[in-house]
Structure formats: structure tokens, C-alpha cells
Amino acid sequence: MRLKTILIVLALVLTGAACKKAPQGRVFFVSPADGAVVKSPLRVEFGVEGMAVQAAGDIVPGTGHHHLIINGDAEPAGTVVPSDETHKHFGKGQTEAEIKLEPGKYRLTLQFANGHHESYGPEFSTSINITVEK
């Protein structure tokens, strides 16, 4: 009976050790504000709480860097954020950028990811809508 109890406890401990705790916190746009009407090029400022900003490269728990997704959705947790015209990487640890956009309406999504550009998921993303004037 004792051996069975020990094995159950050991299994629970090992299972718990294998589970990754989801990061706590949030990412947000410092600017522009949701609904803002702006001119291009526009300055975008990123914020994060509960994590530290670190350049891409090593995976360090509790750290990551920003990605800006233009007219797209947050990436699922664990997937690598693509690098293309609509997925801007800030792998040097930048917390602000100047971006050029044609006049029109846009949905900007801020996505936080680890040192290998693997998304922390929708829980560590946020979106705003802006209008770029001529």
C-alpha cells in the first residue's frame, strides 16, 4: 500500500514539473491609442507588464520581445511569429518604432514572444484599430 502511494505522489510531482506555467502579465500599446487617427510615418510605443524585454537569442524565463502584426491575428502559443511585411520583429529589444503605412484603416496587434520568436499566445497580445490619413 505504501509503495502505491509513493508511486502516485512521484507521478504527480513529475507531472507537475513537466507542466509549464503560463506567463502572467500583459502587453499593451503605449501609443497610439485605440481609434487614433494618425499620419504616416507613425511612432508606435510598446509596453509589457509581468515580463522583461530582452533581445532575441536565448530563451530566458520571464523575458521576450515585441512583434507588430499588421491586419492579422495573434499567433498561437508556441508558434514562431513569421517575419514578413505584415509581421514586424523587434528582436533587438526595441520598445518603440516608426512605421510607414499607406492611408487607410488598420488593425495593429502587438505580440510578445520568447528569444526564439515563439509566441506566448493570445494571452500576451493586444490589438488596436487606427486610421492613417493622407
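Helices (H or I, at least four residues) and strands (E, at least two) are DSSP runs, numbered from the N terminus. Colour the chain by these elements and read along the sequence: the pattern is α-β-β-β-β-β-β-β-β-β, that is, one helix and nine strands.

A quick note before zooming in: this is a predicted model, where local features need pLDDT of at least 70, side-chain atom pairs count only at pLDDT 80 or more, and totals for chains, interfaces and linings use all residues. Residues are numbered from 1 along each chain as its sequence is written, and side-chain values use heavy atoms, with hydrogens and water left out.

Now for the salt bridges (a side-chain nitrogen of Lys or Arg within 4 Å of a carboxyl oxygen of Asp or Glu). The structure has five of them.

Select R43 and E96 to see one, with the closest N and O atoms 3.4 Å apart. R43 sits in strand β3 (residues 42-49) and E96 in strand β7 (residues 96-99), so this pair ties together parts 53 residues apart in sequence.

Next, pick D73 and R107, whose closest N and O atoms are 2.7 Å apart in another salt bridge. D73 is in the loop between β5 (63-70) and β6 (87-89), while R107 belongs to strand β8 (residues 104-113), so parts 34 residues apart in sequence are tied together.

At 53%, D73 counts as exposed, whereas R107, at 32%, is partly exposed.

Conventions: Buried means under 20% relative accessible area, exposed over 50%, partly exposed in between (1.4 Å probe, protein chains only).
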